[in-house]
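Keep the view open and follow along.

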Amino acid sequence: MDYEHVFRSTVAAIRAEGRYRVFADLERIAGRFPRARHHHPAGAREVTIWCSNDYLGMGQHPAVLEGAARAVRSYGAGAGGTRNISGTTHLHVLLERELAGLHGTQAALLFSSGFVANDAALSTLGKLLPGCIIYSDAKNHASMIDGIRRSGCAKHVFRHNDLDHLESLLAAAPAGTPKLIAFESVYSMDGDIGHIEAICDLAERYGAMTYLDEVHAVGMYGPGGAGIAAARGQAHRITVMQGTLAKAFGCMGGYIAGSAALIDAIRSTASGFIFTTSLPPAIVGAALESVRHLRASPALRDRHQERAATLKRLLAEAGLPVMPSESHIVPVLVGDPVSCKAITDRLLEEFRIYVQPINYPTVPKGTERLRLTPTPLHEDTAMAELVRSLAHIWQDMSLASAA
């Protein structure tokens, strides 16, 4: 077999569909977020980032940077091994306690990323519960889908946010069968929110556990930044809360929070936890300071919500096809990958605005979009420039405007 031909053909097919991904070579400028230097063949120039998941700019917050620096000075660069073999520093213990406190649970467990947290926790839970059936929302993240698949147990996919469909699937299962409903709070590409209270009602009615992915909500919603479930008074009804340290908290890593027995069972059996190197002290120290800061201060959360609402309004007033969104995610519909890539190329080249095109397989074909993520640090002038630039490109390319 010509192996190289297979690889080239795979990439060629992606290019032909107009969805080949090009990484922007960015140099974030500490203290000046959302500004960054974009390195390209003609040199480097400053750009404004409009698609970062560092939703609150905490990746450059002075307290977070000092937490990282202090951890390096005290602990060194690496953790030294897996959590089981010398890789559990005191910082790891403190951060897990802080996260459990944030969510009001008995315990929490750190993972190297949110993806690994979902994959390891869901695959392990399915294996621990003989005969378990997992019910998964159709728009769940790829990490949840992978974890459910690796669990090896029976699964049912219910239509996105369709409670009637979910109940029909639950009702069809034999009485006494172990069940787990896996869903998200904020769905990151559309910006809509899961029906947390109603799903918890169904879970109680049919004897199911609940597994809630709050990665796009922790730090930004609810008391202390505990997430949408906490904001809606439903956190105590969630069996497993899953979050990330890589978005609103501005660092890296994922975690789950729940009962002491559940966390201990996953800690003791999940290969994705047992056999991977522990997060380095700098990351853990930074994350610890970030969680502590956001738990104590709602100012960034309040400003963030205002900025998202303002951008949605400005885009709508300009006649741009901003998609409905209940959250801080601001999607702008394009509808095909070639135009989507062309828009983002022009934004970068002509206006020094960086937005990454969102194409298949991240979203279904025909729903390609720009995914804008305003932060508390995007000022009015930056918003005005973004809207003006988009309006100019939309008109110049004769793209569809808002209905």
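Helices (H or I, at least four residues) and strands (E, at least two) are DSSP runs, numbered from the N terminus. Residues are numbered from 1 along each chain as its sequence is written. This is a predicted model, in which local features need pLDDT of at least 70, side-chain atom pairs count only at pLDDT 80 or more, and totals for chains, interfaces and linings use all residues; side-chain values use heavy atoms, with hydrogens and water left out.

**Sheets and cis peptide bonds**

Strands pair here if DSSP finds at least two bridges between them. Strand β1 runs antiparallel to β2 (residues 35-40), and 4 bridges join the two; D25 stands opposite H39 in β2. In the loop between β1 and β2 you will find P34, joined to F33 by a cis peptide bond with omega of about 15°.

A second open sheet has 3 strands in the order β11-β14-β13, and its pairing is antiparallel. Both β11 and β13 are at the edges with a single partner strand each, so one side of each has no neighbour in the sheet. Between β13 and β14 there are 2 bridges, and I358 stands opposite R369 in β14. The loop between β13 and β14 holds P361, and the peptide bond from Y360 to P361 is cis, with omega near 10°.

**Positive phi values**

Most residues other than glycine have a negative phi, and most peptide bonds are trans. Two residues with positive phi are worth a visit. S86, with phi near 70°, is in the loop between α2 (62-75) and α3 (90-103). N161, with phi near 55°, lies in the loop between β6 (154-158) and α6 (163-172).

Are these and two further residues buried or exposed? Buried means under 20% relative accessible area, exposed over 50%, and partly exposed in between (1.4 Å probe, protein chains only).

| Residue | Relative accessible area | Class |
|---|---|---|
| S86 | 54% | exposed |
| N161 | 16% | buried |
| S325 | 19% | buried |
| M397 | 25% | partly exposed |

S325 lies in the loop between α12 (299-317) and β11 (330-333). A polar atom of the S325 side chain lies 2.6 Å from the backbone oxygen of I329, and a polar atom of that side chain lies 3.5 Å from the backbone oxygen of G191. Contact means heavy atoms within 4.5 Å. Not counting residues up to four places away in sequence, S325 touches D190, G191, K312 and P331.

M397 is in the segment after α14 (380-396). With residues up to four places away in sequence not counted, M397 touches S339, A342, I343 and R346.

**Nonpolar cores**

A nonpolar core is a set of buried Ala, Val, Leu, Ile, Met, Phe, Trp, Tyr and Cys residues joined through side-chain atoms within 4.5 Å. The largest has 58 residues, of which L95, L99, Y135, I181 and L245 touch the most other members. Helix α11 (residues 281-296) gives the most to this core, with 7 residues. Apart from it lies another core of 28 residues, including C51, L348, L386 and L390.

**Pocket and cavities**

On a 1 Å grid over the protein atoms alone, a cavity is a set of points where a 1.4 Å probe fits but cannot get out, while a pocket is an open set with protein on both sides within 12 Å along at least five of seven lines; lining residues have an atom within 4 Å of a point. Grid points are joined across faces, edges and corners, and a volume is the space filled by probe spheres set on the points.

The largest pocket has a volume of about 1400 Å³. Of its 50 lining residues, N53, H141, S188, M189 and T362 are the closest to its centre. Helix α5 gives the largest share of the lining, 4 residues.

By this rule there are 3 cavities of 30 Å³ or more. The largest cavity has a volume of about 70 Å³, and its lining includes R83, H92, F111 and F273.

Notes:
Polar contact = N/O pair within 3.5 Å; in protein donor to acceptor, adjacent residues only side chain to side chain.
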